[in-house]
Amino acid sequence: MRATLPVLAAVAMACFAATVHAAAPGLPAGVAKPHMNNAALKKLGWKLSCQAYTFREKTLFETIDTLQALGFQYIELYPGQSFSPANPAPFDHNSSPAMVAELKKKLKAAHITAVNYGVVGLENNEADARKVFDFAKSMKLQTIVSEPPESAMPMLDKLCQEYGINVAIHNHPLPSHYALPETELKALEGRSSRIGSCSDTGHWYRSGRVPVECLRQMKGHIISLHFKDLNAQKEDAPWGTGVLDVPAMLAELKSQGVRPVFSIEYESTTGDALVGNVAKCCQFFSDQATLLARG
């Protein structure tokens, strides 16, 4: 049977839309590049980053390529990721100056800024800690993310002041030492504003806490976040589709006037599905920031 013109037109439009969608440069077929409202983010003082651990199956260079395709402007590095397809050696603060220079060149070409580094060990040893701070200074990072022993806090605070770089305490879930806000707040007593919290909302939930209440507890100390939404099985979910009440958490952070780095850290799914889930997180974040910036 001969198709009518309206039917043919509809089919043509559908094919065209599918082709455009599939042709998003650098992204898997079916993954749309998020439309980020950077003006709203700037008004709120928020930066959206991605923890490179999200794409740990890729090399660091491949991760940067993926983030560029998704429209990210910021990245949080983590120690031990394979460097590049040509050089799969693990990259961290002990890597050669040549590798550091190559990374800087790669980031500049992708228009992505490295803002954080972690989770990295910072023991109560000043010489070893300085190696991490020297790397952070070389990379012009804002924040080192770590879970240091409480005994190291005075020394780390001194280095934070000297280098002008923050240390943010991260909370892995129980039985990790800093799993609960009370322990972290105790460790922060008497410390300068250069030492604060890298608040992992998903790990709080995995430790039996309500993340928005934990954010209230950490008021005045939040520097950055490993921001997550989880389903009832405590697995990562695209932001806004899980049980952590992402709109309430973002509203709470706006009410606190905090201007943090939000690092997407997605620890479930792989491959093209992972890229798609990260894109969904970005879009939801931008949509919520748009609403919050109006208020």
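The largest pocket of this predicted model is lined by 13 residues, and N38, L41, L48, Q73 and Y74 lie nearest its centre. The model is predicted, so that local features need pLDDT of at least 70 and side-chain atom pairs count only at pLDDT 80 or more, whereas totals for chains, interfaces and linings use all residues. Residues are numbered from 1 along each chain as its sequence is written, and side-chain values use heavy atoms, with hydrogens and water left out.

**Terms**
- A pocket is an open set of points on a 1 Å grid over the protein atoms alone, where a 1.4 Å probe fits, with protein on both sides within 12 Å along at least five of seven lines; lining residues have an atom within 4 Å of a point.
- A volume is the space filled by probe spheres set on the points, which are joined across faces, edges and corners.
- Helices (H or I, at least four residues) and strands (E, at least two) are DSSP runs, numbered from the N terminus.
- Ala, Val, Leu, Ile, Met, Phe, Trp, Tyr, Cys and Pro count as nonpolar, Asp, Glu, Lys and Arg as charged, and the others, Gly among them, as polar.

**Largest pocket**
- Its volume is about 210 Å³.
- Two or more lining residues come from each of α2 (38-44) and β1 (47-51), and α2 gives the most, with three residues.
- The lining comprises eight nonpolar, three polar and two charged residues.

**Second largest pocket**
- The second largest pocket has a volume of about 170 Å³.
- Its lining consists of K104, L107, K108, H111, I112, T113, A114, S138, M139 and K140.
- Both α4 (97-110) and β5 (113-117) give two or more residues to this lining, and α4 supplies the largest share, three residues.
- Four of the lining residues are nonpolar, three polar and three charged.
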